[in-house]
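Here's a quick briefing to read alongside the model. Have the sequence and the 3D view open as you go.

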Amino acid sequence: MNEKRVTYREALREALREALAGDDRVFLMGEDVGRYGGCFAVSLGLLEEFGPERVRDTPMSESAFVGAGIGAALAGMRPVVEIMTVNFSLLALDQILNNAATLLHMSGGQFNVPVVIRMATGAGRQLAAQHSHSLEGWYAHIPGIRVVAPATVEDARGMLPTALADPDPVLMFEHVSLYSTEGELGGADRQVDIDRAAIRRPGRDATLIAYGGTLVAALAAAEELSGEGIEVEVIDLRTLRPVDDATVVGSVRRTHRAVIVDEGWRSGSLSAELSTRITEQAFYELDAGIERVCTAEVPIPYARHLEEAALPQPAAVVEAVRKAVG
Amino acid sequence: MTADHGHEAGRRPGPPADAGTKRRFELLRQMLRIRRFEEKCVELYSAAKIRGFLHVYIGEEAVAAGIVPSLEPGDAIVSTYREHGHALARGVPLEALMAEMYGRITGVSRGRGGSMHLFDADTRFYGGSAIVAGGLPLAAGLALADRMRGHRQVTACFFGDGAVAEGEFHECLNLAALWRLPVLFCCENNLYAMGTALARAQAQTDLALRAASYGMAAWPVDGMDVLAVEDAARQALGMVRDGGVPCFLELRTYRFRAHSMYDSDRYRDKAEIEAWKERDPITALVSRGRADGELTDEGLAALEEEIAVEIERAVEAAEAAPMEPVADLTRFVYSERT
Ligand SMILES: Cc1ncc(C[n+]2csc(CCOP(=O)(O)OP(=O)(O)O)c2C)c(N)n1
Ligand SMILES: [Mg+2]
């Protein structure tokens, strides 16, 4: 295998380029994806390569262009719609929930919606309370869509082709802190399996469940704990809906302890869902209560020290694991 | 329409002579078929055979009858919860529509949609949306896809006057005009959004004027005159199909009945309703046909009989049709992989 180091951003771009080149039904649209190159520079250069019909700058009309992506998918295209961040996706929530997620069912199986909707999520850049939230857990509540969160460069490269091959709507959440991270990209078949969670670090003492941006904090905590002789198994959820119960619960059955890291707020969160699933399926296997490390219940503040205090940090994860193990 | 609707072309009543007579008789058939279907739905609702929300199209038939048959077979339609008329005029089998009202597996949406969510892949009928203005983005996308693939198909998008106050309406008209999308926007202005009269919700009540501000051809049409609607539709569709641009028709119409079966219609003046009933599009066309000597009492009676039989058969079939097994409750949430 031909290993090469790339950024998460480059991996996404490569996946888009390959999709655009390989299938003329695929097109990219969103605000500033073309001339500007994407607000996180993911699509830089694609307009020049594929032209304005296939790399479409849209007006600031989230509902219209997300809905147009859904409509185009109904008519046989394979649109990739980019929304700048999850905060703005709320203006298109009607289309995502009331159309993308329901059309197949309401039509008695006649109309599936093969659209991919990508957006940035998460905090960490001092962008305050309207640019920093992690609302993917809300989307994971909705039957009819699949929700994925690539946390590694390989997944950034490999999830898009899998998502495009899916006959149903897929929402892809890209944590803002990941775009500039680097990793190795294998040269083999790029498409990755999005049905399974991944064990990113094996361990016997506790199961640490994370996804997207929180994987970094989880792995850092695991490294530190290893120095203390606590071996943590780190699971990258990868797909937030449907959750891969088998991998999560299988790990907890081995370690008998579970800690969940979630950048969403604690109340009514994905972490609450995971915790419930574990107790439903492996209650008698647990040797300790399930611990959760979540974002403080506050709109994300601007000041660096406050933002840091609001978010799940490795130190808090270490603390939570010690509590579970101790 | 296919033979299993219960009438082959050869059995159709009326001895149409010239093309104009034929055309008017066909429009009458379309409108009458919708009217009688809707009346049956009201009756069945009152008998608790149909439940949920039911919004009938009585009074507005000239709009669907004038526009929908002017579309080509490959064109797409996006509609609202008041869509029985559009589906019927499109040729979606009446029997499957009635079965949907009954929530049966033989319904167009297998009983998962009901009155508000009629879908039919064969005729590119994309619903049936019950979110006011929520169908407009879909129409823009369908049109975008057809254009990107080099097809000459167009998308007709129906919505009410209430939708004009929604953000999605304005986003989509802008997008369609900006990208030159082949969409025919059909605004059924029946003067009310539930209980809210047009002037109580819209600062500018000239809806065509507002659409025109996005840089597309837009004009009002007498929605109670099916011939005027058909003429406008043909002209507009020509612009959309050949010119590759969107177009907007404001169909000025009126619903004779309440908003839905839940509505006790307290907000409208009885005299106003009666005045609009004087302009009943079916009565108008029948009177004209009689005056011109092209429609006979026997011809009309035969048409009524044909429609009554078709509807009766559909009701019988729906009554006898099976239900979706509860074991299949969670089917069609995700595509079934083979
Ligand atoms: C977004 C949204 N808001 C409110 C409603 C509730 N509602 C259903 S129909 C309706 C009135 C719509 O009026 P109009 O668009 O003029 O259509 P009409 O019923 O007159 O055909 C309202 C308010 C809804 N379905 N969707
Ligand atoms: Mg109205």
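A polar contact here is a pair of N or O atoms within 3.5 Å; within protein, one must be able to donate a hydrogen and the other to accept it, and residues adjacent in sequence count only if both atoms are side-chain atoms. This is a predicted model, where local features need pLDDT of at least 70, side-chain atom pairs count only at pLDDT 80 or more, and totals for chains, interfaces and linings use all residues. Residues are numbered from 1 along each chain as its sequence is written, chains are lettered from A and ligands numbered from 1 in the order in which they are written, and side-chain values use heavy atoms, with hydrogens and water left out.

**Ligand 1**
- A polar side-chain atom of D161(B) sits 2.9 Å from an oxygen atom of ligand 1.
- Y192(B) uses a polar backbone atom, also placed 2.9 Å from a ligand 1 oxygen.
- For H259(B), a polar side-chain atom is 3.4 Å from an oxygen atom of ligand 1.
- On its own ligand 1 exposes 580 Å², and the protein buries 73% of that (Shrake-Rupley method, 1.4 Å probe; for residues, only the protein chains shown count as cover).

**Magnesium ion (ligand 2)**
- Its protein donors are D161(B) (OD), N190(B) (OD1) and Y192(B) (O), at 2.0 to 2.1 Å (donors being N, O and S atoms within 2.8 Å of the metal, or 3.2 Å for Na, K and Ca; water is not among the atoms, so sites may look incomplete).
- Along the chain, these donors follow the spacing D-x28-N-x1-Y.
- D161(B) is buried at 2% relative accessibility, and N190(B) is buried at 6% (buried is under 20% relative accessible area, exposed over 50%, partly exposed in between; 1.4 Å probe, protein chains only).
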